Amino acid sequence: MTNQVHFRIDEEDKEKFRIVMQRVGLEPNEAYRIFVKRAIEVGGIPFEVSDPSSQLEEAIKSQDYIEFEDGEEGLDWLNEE
């Protein structure tokens with residue numbers, strides 16, 4: 001026996017979610033069922049949920065960062081002595 005589950009979501013988010021799921025070949029209701037099954041399997045939310053610290057939020061908003069053309073360039077920078 002199955003039951004219906006209802007919840008509210010912003011109309012814009014609902015449409016964006018539908019488009020993303022369409023790209024991966026799923027209907028939103030299928031994605032919800034996958035989420036539920038995976039949450040049961042892992043005993044919690046099946047992905048990391050974090051609340052960034054104020055220090056991390058400040059770093060994210062900062063314009064003081066280095067951009068790289070690709071991952072290899074970034075790794076080279078990290079490995080420089």
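Please keep in mind that the model is predicted.

The largest pocket holds about 550 Å³ of space. Its lining is made up of 18 residues, and the closest to the centre are Val5, Phe7, Pro28, Asn29 and Tyr32. Two elements, α1 (11-23) and α2, each give two or more residues to that lining. The largest share comes from α2, with eight residues. By residue class, the lining of the largest pocket has twelve nonpolar residues, four polar and two charged.

Next, the aromatic side chains. The count of aromatic pairs is four. How are the rings of Phe7 and Tyr32 set against each other? Their centres are 5.4 Å apart and their planes lie at 80°; since planes over 60 degrees apart count as edge-to-face, this pair is edge-to-face.

Now the charges. Side chains of opposite charge can pair when their charged atoms come close. There are three salt bridges in the structure. One of these is between Lys16 and Glu12, whose closest N and O atoms are 3.0 Å apart. Both residues sit in helix α1, and because they are four residues apart, about one helical turn separates them.

Last, the surface. Phe35, Val36, Ile40, Ile45, Phe47 and Val49 make a nonpolar surface patch of about 610 Å². Of these, Phe47 is found in the loop between α2 (28-42) and α3 (54-61).

Definitions and conventions
Residues numbered from 1 in each chain as written. Predicted model: local features only at pLDDT ≥ 70, side-chain atom pairs only at ≥ 80, totals over all residues. Heavy atoms only, no water. Patch = residues over 30% accessible without salt bridge, like charges linked within 9 Å, V, L, I, M, F, W, Y side chains within 5 Å. Areas by Shrake-Rupley, 256 points an atom, 1.4 Å probe, with all protein chains shown as cover. Salt bridge = Lys/Arg side-chain N within 4 Å of Asp/Glu carboxyl O. 1 Å grid on protein atoms, 1.4 Å probe; cavity = no way out; pocket = protein on both sides within 12 Å on 5 of 7 lines; lining within 4 Å. Points joined across faces, edges and corners; volume = space filled by probe spheres on them. Nonpolar A, V, L, I, M, F, W, Y, C, P; charged D, E, K, R; others polar. Phe/Tyr/Trp six-rings, centres within 6.5 Å; stacked < 30°, edge-to-face > 60°.
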